[in-house]
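Me: Hey, I've got this one open on my screen and I'm a bit lost. Can you walk me through it?

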Amino acid sequence: MDRRQFLSFSAASIFLTACGGGESSAPEVTPPLIDNRPDTGVVSKLTNEQWQTLKDNVLGRVILPTDEQPYSLARLSFSTRFDHIYPQAVVKCANAQDVQTAIRFAKEHELHIAPRSGSHSYGGYSTTEGMIIDVADLNDISLQGDIATIGSGARLTDVYDQLTQQGVSIPAGSCLSVGIAGLTMGGGFGVVDRAHGLTCDTLQAVEIVTADAEIISCDANNHSELFWALRGGGGGNFGIVTQFKFKAHEANGITVFEANFSFDDFEDVFAVWQTLAEQWPNEMWAQCLPTWVFGGPRVNVRAFCLNPAAEAETLWQNFIAQTGATPSSNTQSTSSYRSVMLGTCESNVASCHLSTQFEGGTMQRSAFGASSDFFNSLIPPAGVRALKAEIEQQNSDGHNGMIIMNLLGGKIDEIGEGETAYPHRKAIVSAEYYLPLHPSASNAQIDTAQAKQNGFRQVMAPWSTGGAYVNYIDPLITDWQQAYYGEHYQKLQAVKNQYDPTNVFNHGQSILPA
Ligand SMILES: Cc1cc2nc3c(=O)[nH]c(=O)nc-3n(C[C@H](O)[C@H](O)[C@H](O)COP(=O)(O)OP(=O)(O)OC[C@H]3O[C@@H](n4cnc5c(N)ncnc54)[C@H](O)[C@@H]3O)c2cc1C
């Protein structure tokens, strides 16, 4: 990410900005400094004849290291941190039967499996030195009534593009290259989640291939415990999902507000901003983003509103007035849902895919460190001061960074704590500590960034819940079972026992059978 991208926080470009990028160049490969990286399991080297039997039995493609150009792209994750990992094969499945065949083959040959959709796992858990089972080509999207059927390999670019053309959408995330599978199974934060719930909250049914290579459909009545676990339990734990069914909502206009403040005003702005979770109607969602990069820290606040623009404007201007601060800019615009979600991609959807994954795609991979926190109560002045002091310290140490704080509550909190595996229903604010680096950053630089971001969790521990978002999976969190799942971990283990008792699907922070 270069300076221009980092600073271009206009509402129209919010999504692309969040997706990193910059010119791609070959990363310097250094040995990993962080140990708790993907458990690559048993590694076996198979013969060409053995691979041929797999090729003969799948409709999709089996990409091997000998397929030089396709392999050099197919093996890569979104994060450049995992470029040193070379899978023995990437199986690009064409249907659920291919997934079955690939699972059987991997088990027979004791190959570690990494399921992959969009490849954005922060921990690199969708790559392996065994076999990547890639569902990217299972990307059909269709709509019947208000039920959207979405293949597990669909990217958010295509989800927003195809659904909004039909006047509907689902609540989903802000980075267009993210895959629907990882996003949904971890929860799914996005700009309409206070109004419509998390991505997983609109899920109606899932088709999944289990560790026994059986295709099953689960919903509220069939395999209901598994359906519960797939809504917040995180990807890569229970099987390989091939298809989701979501309840779609009408995609009407969105009014976007955005204001920039001096960092001197951070405490005043944040103190008021966090109260909006209780004050604003569910139709209004907001982010507070302290950023420290290229010229010192500053604060950006933005709101995405589904209610009438006049009502939203009154509430937004009240918020600005309550802070007592004078923003250096304060803008407002109303656009179609499609324009807001796709931004500049609206006119060229094809290019808004990763260049490594799609012909014609221009989005670049990224290097970054990230961690997260949740807050169930207002952060008191001492906590905000501690956050500010840490930002100032990192800035004066020469580290760039940003904190992406989402306003939660609303519909997310209206769903019972036990209804899905997602455990952070009571949180009013989430924080993602994010340090973007140039894609050519070395692994040592990325690991330093990761440690810095994880360090925010210790700073904020007196006020946070101790929870962390499984979709911002952080290999440095040691009590991850509690952090990602809280009291739900035991029930998740019971589901794991039932559907994957021998732990076929495992990674560095995967749910273990009880
Ligand atoms: C730049 C960026 C922006 C982001 N923005 C948001 C945001 O706005 N909101 C939000 O909530 N999150 C966001 N995320 C986090 C994102 O939701 C997670 O990284 C998510 O897990 C990515 O899903 P994926 O399918 O792209 O990744 P993958 O790496 O393919 O998968 C993630 C995990 O799920 C497993 N998995 C993948 N496919 C399947 C499958 N079919 N069946 C079973 N398991 C599977 C993988 O093995 C891995 O463990 C962002 C991430 C990045 C890098």
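Me: What's the class make-up of the shell around the ligand?

Reply: The shell around the ligand has 17 nonpolar, 17 polar and 1 charged residues. Here Ala, Val, Leu, Ile, Met, Phe, Trp, Tyr, Cys and Pro count as nonpolar, Asp, Glu, Lys and Arg as charged, and the others, Gly among them, as polar.

Reply: Before we go on, this is a predicted model, where local features need pLDDT of at least 70, side-chain atom pairs count only at pLDDT 80 or more, and totals for chains, interfaces and linings use all residues. Residues are numbered from 1 along each chain as its sequence is written, and side-chain values use heavy atoms, with hydrogens and water left out.

Me: OK, which residues come nearest to the ligand?

Reply: Of the 35 residues around the ligand, those are Pro115, Ser119, Ser126, Phe189 and Tyr469. A residue counts as near if one of its heavy atoms lies within 4 Å of the molecule.

Me: How much of the ligand does the protein cover?

Reply: The protein covers 96% of the 960 Å² of accessible area that the ligand has on its own. Those areas come from the Shrake-Rupley method with a 1.4 Å probe; for residues, only the protein chains shown count as cover.

Me: Which elements give two or more residues to that shell?

Reply: Strand S3 (113-116), helix H7 (180-186) and strand S10 (240-247). H7 gives the most, with 4 residues. Helices (H or I, at least four residues) and strands (E, at least two) are DSSP runs, numbered from the N terminus.

Me: Let's stay on S3. Are its residues buried or exposed?

Reply: Both faces are covered: Ile113 and Pro115 are buried on one side, Ala114 and Arg116 on the other. Buried means under 20% relative accessible area, exposed over 50%, and partly exposed in between (1.4 Å probe, protein chains only).

Me: What does S3 pair with?

Reply: S3 pairs with strand S4 (residues 131-134) in the parallel sense over 4 bridges. Ala114 has Ile132 in S4 as its bridge partner. Two strands pair if DSSP finds at least two bridges between them.

Me: Switching to backbone angles: what's the phi of Ser119?

Reply: Near 75 degrees, a positive value in a residue other than glycine. Most residues other than glycine have a negative phi. Ser119 lies in the loop between S3 and S4 and is buried, with a relative accessible area of 3%.

Me: What about Glu110, buried or exposed?

Reply: Glu110 counts as exposed because its relative accessibility is 54%. Its phi is positive too, near 55 degrees, and Glu110 lies in the loop between helix H5 (96-108) and S3.

Me: Last one: where is Arg425?

Reply: Arg425 is in the loop between helix H15 (411-414) and strand S18 (429-437). Arg425 is buried, at 0% relative accessible area, and a polar atom of the Arg425 side chain lies 3.1 Å from the backbone oxygen of Ile412.

How values were computed. Polar contact = N/O pair within 3.5 Å; in protein donor to acceptor, adjacent residues only side chain to side chain.
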